[in-house]
Amino acid sequence: MPKSSLPKIVILGSCCVDFATYAPRLPKPGETLIGNKFTTSFGGKGANQCVAASRLGGNTFMICRIGDDESGIKYKDHLRDEGVDVTHVWITPGISTGVALIAVADNGENQIVIVQGANNHLSVADVENSADLIKSADILIGQLETPYETTLAAFKLNNGIKLFNAAPAKTGIEEILPFCTILCVNESEASLLTNLDVNISNAAIALKKLLDTGCETVIITLGANGAVYATKNNLQCIHVLCENVLPVDTTGAGDAFVGALATFLVTHKIQPLHQIIGAACHIATISVTVEGTQNSYPTKNDVFTKEYKYLML
């Protein structure tokens with residue numbers, strides 16, 4: 001089946017060029033370490049989620065801002081090569097493409113600093129210029145690496161599933177939460193939004209607090225411990241486990257989860273949510289076993305194993 005006949009997955013979000021250094025451990029404040037490797041690759045939460053979805057067969061559309069530098073031109077070509085519709089990928093004159101400075105330790109942990117660049121220029125006007133696409137999207141994904149008011153405007157327009165990945169962690173986003181079909185956060189983001197130190201022991205309380213904000217469904221990802229979720233119609237905290245693997249690089253694993261989740265929500269509609277979340281956890285788990293971000297995301301053919309098919313039964 002051609003992608004064009006599949007449900008529309010629209011991602012409003014960021015594009016960044018990732019500059020990653022690899023060292024035995026993460027540096028302490030004020031400390032200089034000698035690293036053992038440096039790489040440059042494509043990243044940014046929005047584009048990561050878009051590529052993750054596209055590689056799994058999703059019919060993806062990216063709405064974003066890139067700079068008028070060489071990195072921006074290359075990024076647009078890269079998205080096109082990944083099977084993403086780039087009609088709404090706009091070049092911003094006189095502004096650099098966003099960058100992310102990433103430090104990765106031997107145990108897979110990372111530290112990231114983002115300079116937004118053109119991402120900070122994604123505007124409400126851009127949403128208005130993409131209104132037809134946003135309204136018709138079967139699922140719309142947003143995050144917080146681009147201006148909050150832009151994502152809010154898009155969520156108010158969309159008539160489908162609205163998946164909000166409230167990352168990086170930020171306060172003052174209460175207005176968008178009632179528009180969220182699904183809110184997806186990790187433990188630290190959930191902690192900021194609930195004023196709790198969220199972990200697996202109090203995740204049920206955190207889920208209830210987040211559902212009280214108006215979201216229909218809340219998912220809290222727990223890294224190697226999988227994910228927990230609850231819905232307005234079923235307040236029970238359901239824990240979805242994932243496989244235990246030796247992580248190589250955890251950068252972008254959350255984006256792999258979100259991109260996979262979006263794809264499976266619209267391509268496997270008859271499956272119960274716990275199986276869809278389990279399959280998304282499987283994709284994120286695969287991603288942490290490979291260095292890098294987007295290049296670590298599996299394709300549909302890569303994961304179409306007996307184990308994967310079992311998850312989706």
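This is a predicted model: local features need pLDDT of at least 70, side-chain atom pairs count only at pLDDT 80 or more; totals for chains, interfaces and linings use all residues.
Biologist: Let us begin with the helices. At what angle do helix 1 and helix 8 cross?

Modeller: Helix 1, residues 45-55, and helix 8, residues 253-267, have axes that cross at roughly 50° and come within 7 Å. That angle makes helix 1 oblique to helix 8.

Biologist: Is that crossing left-handed or right-handed?

Modeller: The crossing of helix 1 past helix 8 is right-handed.

Biologist: Which residues make the contact?

Modeller: Helix 1 contributes Lys45, Asn48, Gln49, Ala52 and Ala53, while helix 8 contributes Asp255, Ala256, Val258, Gly259 and Thr263. By class, the residues of this contact of helix 1 with helix 8 are four nonpolar, four polar and two charged.

Biologist: And helix 6 with helix 7, how do their axes lie?

Modeller: The axes of helix 6 and helix 7 cross at roughly 60° and come within 10 Å. Helix 6 is therefore oblique to helix 7. The handedness of this crossing, helix 6 past helix 7, is left-handed.

Biologist: What holds the contact on each side?

Modeller: On helix 6 the contact is made by Ala190, Leu193 and Thr194, and on helix 7 by Ala206, Lys209 and Leu210. The residues of the contact of helix 6 with helix 7 comprise four nonpolar, one polar and one charged.

Biologist: Staying with the backbone, where is the peptide bond that is cis?

Modeller: The peptide bond from Ala167 to Pro168 is cis, with omega near -5°. Pro168 belongs to the loop between strand 9, residues 161-165, and strand 10.

Biologist: Which residues line the largest cavity?

Modeller: The lining consists of Asp18, Ala20, Tyr22, Thr39, Ser41, Ile102, Val104, Asp249, Thr251, Gly292 and Thr293. By class, the lining of the largest cavity has four nonpolar, five polar and two charged residues.

Biologist: Which strands supply that lining?

Modeller: Strand 2 (16-23), strand 3 (37-43) and strand 6 (98-105) each supply at least two residues of the lining of the largest cavity. Strand 2 gives the largest share, three residues.

Biologist: And the largest pocket, what is its volume?

Modeller: The largest pocket has a volume of about 1100 Å³. It is lined by 49 residues, and the closest to its centre are Asn186, Thr250, Gly252, Ala253 and Gly254.

Biologist: Which element supplies the largest share of the pocket lining?

Modeller: Helix 8 does, with five residues.

Biologist: How does the pocket lining divide by class?

Modeller: The lining of the largest pocket has 22 nonpolar, 19 polar and eight charged residues.

Notes. Residues are numbered from 1 along each chain as its sequence is written. Side-chain values use heavy atoms; hydrogens and water are left out. Axes are lines fitted to C-alpha atoms, for helices over the stretch in contact, and angles run from 0 to 180 degrees between N-to-C directions. Helices (H or I, at least four residues) and strands (E, at least two) are DSSP runs, numbered from the N terminus. Angles under 35 degrees count as roughly parallel, over 145 as roughly antiparallel, 65 to 115 as roughly perpendicular and the rest as oblique. A crossing is left-handed if the near helix is turned anticlockwise from the far one by less than a right angle, and right-handed if clockwise. Contact means heavy atoms within 4.5 Å. Ala, Val, Leu, Ile, Met, Phe, Trp, Tyr, Cys and Pro count as nonpolar, Asp, Glu, Lys and Arg as charged, and the others, Gly among them, as polar. On a 1 Å grid over the protein atoms alone, a cavity is a set of points where a 1.4 Å probe fits but cannot get out, and a pocket is an open set with protein on both sides within 12 Å along at least five of seven lines; lining residues have an atom within 4 Å of a point. Grid points are joined across faces, edges and corners, and a volume is the space filled by probe spheres set on the points.
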